[in-house]
2 protein chains.
Amino acid sequence: MEKCTVIFKPSNKSISVTKGTNLLEAARKAGVFIDAPCGGKGRCGKCRVKIISGDYKEEITSLLTSEDRQKGIRLACLTFVEGDMIVEVEESKQVQNILVEGIKPGDEKNERVLKASKLLEEEGIKKECGVFNIDIELPEPSIDDNVADFERLKRELKVKYNIENFFCSLNVLKNMPKILRENNFKVRATFLKGKNGCELIRIKARNKETSTYGICVDIGTTTVAVNLIDLESNKIIAAASSGNLQMQYGGDVISRIIYASTEGGLEKIKSAVVDGTINRLIDELVKKANIEKQDIIISTFAGNTTMTHLFLGVEPAYIRVEPYIPAFRECPELKAKDIGIDINPEAKVIVIPNVASYVGGDIVSGVLATGIWKEEKNVLFMDLGTNGEIVFGNKDLMLTCACSAGPAFEGGEISCGMRAMPGAIDEISIDRKTLEPKIRVIGNVKPKGICGSGLIDLLAEMFLSGIINSKGEISKELESDRIRFDEDLYVMEYVVVWGKETADGRDITINEIDISNFLKAKGAVYSGSNVLLKSVGFSMDDVDKVIIAGGIGQNLHIENAIMIGLLPDIDRSKFSYIGNSSLLGAYLCLLYEQARDKVKEIADAMTYVELSVYPSYMDEFISACFLPHTDMNLFPSVMSLLNQK
Amino acid sequence: MEKCTVIFKPSNKSISVTKGTNLLEAARKAGVFIDAPCGGKGRCGKCRVKIISGDYKEEITSLLTSEDRQKGIRLACLTFVEGDMIVEVEESKQVQNILVEGIKPGDEKNERVLKASKLLEEEGIKKECGVFNIDIELPEPSIDDNVADFERLKRELKVKYNIENFFCSLNVLKNMPKILRENNFKVRATFLKGKNGCELIRIKARNKETSTYGICVDIGTTTVAVNLIDLESNKIIAAASSGNLQMQYGGDVISRIIYASTEGGLEKIKSAVVDGTINRLIDELVKKANIEKQDIIISTFAGNTTMTHLFLGVEPAYIRVEPYIPAFRECPELKAKDIGIDINPEAKVIVIPNVASYVGGDIVSGVLATGIWKEEKNVLFMDLGTNGEIVFGNKDLMLTCACSAGPAFEGGEISCGMRAMPGAIDEISIDRKTLEPKIRVIGNVKPKGICGSGLIDLLAEMFLSGIINSKGEISKELESDRIRFDEDLYVMEYVVVWGKETADGRDITINEIDISNFLKAKGAVYSGSNVLLKSVGFSMDDVDKVIIAGGIGQNLHIENAIMIGLLPDIDRSKFSYIGNSSLLGAYLCLLYEQARDKVKEIADAMTYVELSVYPSYMDEFISACFLPHTDMNLFPSVMSLLNQK
């Protein structure tokens, strides 16, 4: 079969592929991971690349304009290699360059982190991660005292420290003779406490700086964030994040489960997150902190149910089909080597337990961090990331559900959507008269797209300006060159930024399909929350606190989120934002050994409500897809604002 | 660099190597494993190959005759590839084709095996290997009972069988969803009992023939033997053995430890026994028995201290240097995946503990099988394999030592020596007048060499015939064309079989160097035993039983072994032969869970005597290198026989 070489700019990565190979697949093979939320099905239009030279075939798509085509822009998933090619991929399109807000070095003194830690300490939970070190000196062997190295160590540990019956891994044993002799039999032995006694996890020179480290990881569907923590000083010493490389197989959990069911798919998609994402981030962390991977001896992982299944390589197929059964809620205690995490192979791996197929360890982790489990008052906890998960309750009762919100809050399924990163418009206001927008862009760069908080602002402002009605339809009556008809898609659109001011020279627009997608997402979240409350006879008025977490970002304007009917119209002082609560909970489980039991208790205590079988859910959902809602009594302050107009 | 292709006959395996590559190394790379007891140093002359065609360079050696050279015979280790070559390797020279006597299918009813089992059962130890099966039916999941698969299984096991808090490996969890559904939630769960609770090791259809299996393995320096046992019927269902592929790196433990210290050497030599030998034998076993490897869930391994270190990939360097310290005596409990044994990755691996650097788990295993640990009487246990290890004692005291006997009892370091396999002369008598020998050959084939029992016969008969004196010197006075002078080696030799009657057409001879080597081996064993006894104030007269084990074979003539001074001159009824006691002990540890504790107790109870530091040892050794001994009072029956002459 004929071979062609494809070179990807600007990285200059190249690959030799068989003629006819799909360009997105060629990029994957070359290690250039292009974000493809729809999984390469030609639906989302996100995998835009620029063909510099070379022969190719392509499938026709309405997702590219004739201007795009003139510039050489193509969708990688619809392009097939026919000869040697040179292709340019915008850095920000590459999955591995996606950044996410997480916990940074020094954040152990951050208010959110301190508050979450305090919640545990108030319950008598001590900041003890279960690691202890023993500095020991063994008598050197002789013909008269010719006991083996391992038995010598055991003898001295028993006599001098009363430590008996510990486990020792083969890896530690393998190098014990050399390490003992290189250090004249004076070593530091590091033990890890466990359910069934201690484990000797490392012996090392004791004169060196031999600290021990842990990592906590948030495995998001879209992004993965990792923190490196010094287990002796309890300091966060490095942080790293990137897109989840699984995105090349689809943007949402369903398309990934489907991919996992293909031949070899489960192994590939597991490897994409373990080797391609987490291990790469670990490389970055140990370089930043200048430490050895072998010294990372505990790791905690929080992710949704599908993510934890794929992370472990466990069959996820039945998550997707009724009655929606995951393989496990709580996974057995594992070691890094069981999964292939590139730290000390014997390192403890703690995976935060799941609740059900669509409420996972990320939410349990969030519940730990928010303290709902010990709260007297009624808390509504909303994690608005790639999907949307809701928890309602207090120390006596916790209900939870998953809304099918999709990735809209992170800019997914929205033509101009993007994540909150440099180039994203995160704040928008529209002049009521001129209909001209005023925008704020993250970073000192030209705008590239609009992130979740920007989209919320945009919809609220378009609504208040009369550009859209309560159904999300764009007015054909208003006089503005920003409002126009898209001949290709046959829908109305509004131009947020003209092409001359944008990073890629294309107009940043929002059209009625985008608006409809966003309304479905916000409708799913609101109606989900409402049904959850109703299922136990409560209403939004009974909510004492609303805690918002997830990728929607810190710049969320509560007022606008209420205006569009995403958040309930209640006292604004009840709202707070906790950021990446999944990572925060994983951080707590790393540093507080007892927190690992606490998350199990939390997962056990949470009752999952399957919205799809709840009788009134569909009606609730449809009502919530309007701006702000069909029942305006639920949004009194919005009603009064509209009446003022 | 120029490449040359070498083809090895008769297997037709070929390899491309750089010009100048050593031919033994080329054979290793091609997967043709030639026995090289000296490790390729040109000393032993065993790696003879026949060059069919091609260019090569060679180093000069006195180990080949001019006749050999004319026939194209060369030593692989002294030959260097200079062009494309075709080389013939005799099948029996290939390590993997070496066979060993072990335990065969059906041997569970063999007297030796029954006797060893009875020794345990008399102490109340039950034939329980620690495996149990639960046939369980789970209620199928529904929206109302949407508990995860693993939690569903746990719930039912708790409710119906009161089984709680078991471990479950990731491997079992990974496929649990599919296995449950393929079997309509009716499955057989197999558990393995352990120190810290049970482990769920397998779930499988319960309607199939789903037995569980174990393997017991004797890792000898020279040979490896494996038995496959059905853990439900307790029957031995298959057996396999071969040479230890580590032999390509040297015949004795010292040369292997040296090889392990070279760059990458430890990994290679570990792989030679694990992948190259044991996993290949497992392949053979599962094919013979037609079972799945996944169903092998327990494995036991007995080997000497160096073998257990190399098997596990543990640094062996300090075994070799004073004060001779192994890395471990008792290794931690391991799983097959930790080592790379190709059975169920979660299968339990039990390695019989060592006593000291030169008395290993093979001897502890032998002590278990012989019952010395519960014996009232004084037992002398001699394992005469590649080295020679001795145990003396009873239930109150057990002493042990290692003799530096080398591989002479298995035919090593003897020019005409070979292992007890087809073609080996295992019995010899010499006519006192004609000095013509009468031989017996194993198998219906022409003789190739002489094995241990044959060498003992030969030396005794040569001594009684007056061909050799008590120093092992061959008489120059006797009239026989079988007695001649070897011009190359400048020593006398005796022709046992003329070339016209042998397999390869070469005379089978024994020379004074061979005799001297064999006398040193037998001297080491006798003096070792004697010093061991003396160290606690005993003499050979205090020995009530002598149990002989190891590769020396069943055909050992006790009378001749006493004649040459290998065995003590005591009542012949005290002697018995137990065969491969290392494998027998491993077999017991597989089937009797409590035997695994017993071997630990035995290893703890054994006192190691380091002969090299024992004051009178060197004198004892020198005296024992004579035929039968310088102190004829120790051999009264030999004295009286010689006096009769």
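Chains A and B bury about 3700 Å² between them (accessible area, 1.4 Å probe, lost by the two parts on being put together and summed over both), and carbon and sulfur atoms give 66% of that. On the chain B side, Ile143(B), Leu170(B) and Lys174(B) supply 16% of the area buried against chain A, more than any other three residues. With contact taken as heavy atoms within 4.5 Å, 41 residues come from chain B and 41 from chain A.

This is a predicted model, so to speak of local features takes pLDDT of at least 70, and side-chain atom pairs count only at pLDDT 80 or more, while totals for chains, interfaces and linings use all residues. Side-chain values rest on heavy atoms, without hydrogens and water, residues are numbered from 1 along each chain as its sequence is written, and chains are lettered from A in the order in which they are written.

There are 4 salt bridges between the chains (a side-chain nitrogen of Lys or Arg within 4 Å of a carboxyl oxygen of Asp or Glu). One of them links Lys337(B) to Asp338(A), at 3.0 Å from N to O. Elements giving two or more residues to the chain B side are α4 (149-161), β9 (167-168), α5 (170-182) and α9 (336-339). The largest share, 6 residues, comes from α5(B).

Within chain A, β10 (186-194) runs antiparallel to β8 (131-137), joined by 7 bridges, with Phe132(A) partnered by Phe191(A). Another 8 bridges join β10(A) to antiparallel β11 (197-205), and these two strands form a hairpin with 2 residues between them. Strands count as paired if DSSP finds at least two bridges between them.

Notes
Helix = DSSP H or I, 4+ residues; strand = E, 2+ residues; numbered from the N terminus.
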